[in-house]
Amino acid sequence: MTSTQFPDSFLWGVATSAYQIEGAAGEDGRGESIWDRFCSEPGRIADGSSGAVACDHYHRWRDDLALIRTLGLGAYRFSIAWPRIIPQGTGAVNSAGLDFYERLVDGLLEAGIQPFATLYHWDLPQALQDRGGWAARATTDAFATYADVVSRRLGDRVASWATHNEPWCIAHLGHEDGEHAPGLHDPAVALAAAHHVLLSHGMAARVIRGNVPGAPVGIVLNLTPTSPATDRAEDHDAARWMDGFFNRWYLDPLFHAKYPADAVADRVARGHLPVSGMPFVKPGDLATIAQPLDYLGINYYARAVMRENGTGNPESVSMVPKKELTDMGWEVYPEGMRDLLVRVHRDYAPPRIYITENGAAYADGPDAAGRIRDERRIAFFRGHLRAAHQAITDGVPLEGYFAWSLLDNFEWAQGYEKRFGLIWVDYETQTRTLKDSAVWYRDTIAANGVSAGSP
Ligand code: FCB
């Protein structure tokens, strides 16, 4: 008995990323990435850790594949580590790196699971950072070459490609806010990086389509629905600002071949761009960025409720008591996912949409009997899947959902303190244990719907 039944073709998945699970940082010819370097700098990571070992997935991938099979998934979203493929960012190709992903892809296909590959989930080869990283236009050529190498080798078997994961995080967290690698604090550099990431997306999409006619190619954006905290005009403007900064800065070039004029004006007013506009945008760039996508991947975690803070600056405020937030301090707001999907469909009309990430960090660990009763995570997924279903009923072409994440893993600047997994990882022993949420997700997938029971 289910209360919320999904279409038969609905694709159920889980997502991971290379640096967060693989470990084996120095093995089989892998080059250094900006995250290896960043983690080695004191004070960058909350628990002083790194992804050097992580979940040791590089060695344990067969066992992890068995876990993926247990869940009954239709698709598995993973990322490919650029420094394993082209260790210095340009130049020599490391075939051992390609072999690893080939084994994984073949293993998935044997199990009847569609491989969804992401080319860039933040682990830029350090050698490219040394030459300017995403702020340098030449990095776009390096990325197109990397996409060429990977798609030639795996293009006949990968079911769906994503060029980038979350350009906002790459640009803003990495180059403006400094919380992520490479840890810079320069708004002008961040805007150049954002543009080059988008440009490299378009270039790589062309390359992949050239190598693999008909291959589905998309990009994954983290998007957040924004609303004003009160009806004050200043708060409405703060919400508009956030939408421009976070969402439209990426959606508008990808779908409308232009940057949002109001958000550009905001950046000029703050001195982040010259009055003349964006010096890094060259003729033809926006057409490259805006070529048709086969799908849009959306990562949804929370909403942003905005207010003007009294000094003329926008800030986001929390709408629920602290105890109701996830361990990341993020509000659980499933309705936001429906609002976001409906809005993206209305304003940008991608032909297909996947929720490529959605999940929650809760620390719940094994009880005396070794069972992990993570009811809050089950409630989180249940609420969001209902919202996803409502969006489908509203007419949004939402074709699949990927839970974040298969395993507890290295949560970037938060280290191992934040656990997003359906599966518990004991980092001392590398033992994996299905949490109650994994069993619940397996049952939900088997039923192709969310049951009426509680939580
Ligand atoms: C997203 C990232 C993913 C993970 C989740 C919690 O922004 O894509 O790697 O860290 O957040």
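How do the residues of the shell around the ligand divide into nonpolar, polar and charged? They divide into 5 nonpolar, 4 polar and 3 charged, where Ala, Val, Leu, Ile, Met, Phe, Trp, Tyr, Cys and Pro count as nonpolar, Asp, Glu, Lys and Arg as charged, and the others, Gly among them, as polar.

Before I go on, please keep in mind that this is a predicted model, in which local features need pLDDT of at least 70 and side-chain atom pairs count only at pLDDT 80 or more, while totals for chains, interfaces and linings use all residues. Residues are numbered from 1 along each chain as its sequence is written, and side-chain values use heavy atoms, with hydrogens and water left out.

Let me begin with the ligand. Around the ligand we find Gln20, His121, Trp122, Asn165, Glu166, Asn299, Tyr301, Glu357, Trp404, Glu411, Trp412 and Phe420, a residue being near a molecule if one of its heavy atoms lies within 4 Å of it. Oxygen atoms of the ligand come to 2.7 Å from an N or O atom in the side chain of Gln20, to 2.8 Å from one in the side chain of His121, and to 2.7 Å from one in the side chain of Glu411. The protein covers 95% of the 290 Å² of accessible area that the ligand has on its own, with areas taken from the Shrake-Rupley method with a 1.4 Å probe.

Now to the pockets. On a 1 Å grid over the protein atoms alone, a pocket is an open set of points where a 1.4 Å probe fits, with protein on both sides within 12 Å along at least five of seven lines, and lining residues have an atom within 4 Å of a point. The ligand sits in the largest pocket, in the sense that more than half of its atoms lie within 2 Å of the grid points. The volume of this pocket is about 1,000 Å³, a volume being the space filled by probe spheres set on the points, which are joined across faces, edges and corners. Of the 42 residues in its lining, Trp168, Leu173, Phe246, Ala302 and Trp330 are the closest to the centre. Helix H8 (167–175), helix H10 (233–256), strand E9 (304–308) and strand E10 (314–317) are the elements that give two or more residues to that lining; helices (H or I, at least four residues) and strands (E, at least two) are DSSP runs, numbered from the N terminus. By class, the lining has 22 nonpolar, 12 polar and 8 charged residues.

The second largest pocket has a volume of about 150 Å³, and the residues that line it include His172, Glu176, Trp241 and Arg270. H10 gives the most to this lining, with 4 residues, and its residues divide into 4 nonpolar, 3 polar and 4 charged.

Finally, the backbone. Most residues other than glycine have a negative phi, and most peptide bonds are trans. The bond from Ala181 to Pro182 is cis, with omega near 10°, and Pro182 is found in the loop between H8 and helix H9 (187–211). Trp404 and Ser405 are also joined by a cis peptide bond, with omega about 10°; Ser405 belongs to the loop between strand E12 (398–404) and strand E13 (423–426). Ala24, in the loop between helix H1 (18–21) and helix H2 (34–39), has a positive phi near 45°.

Technical notes:
A polar contact is a pair of N or O atoms within 3.5 Å; within protein, one must be able to donate a hydrogen and the other to accept it, and residues adjacent in sequence count only if both atoms are side-chain atoms.
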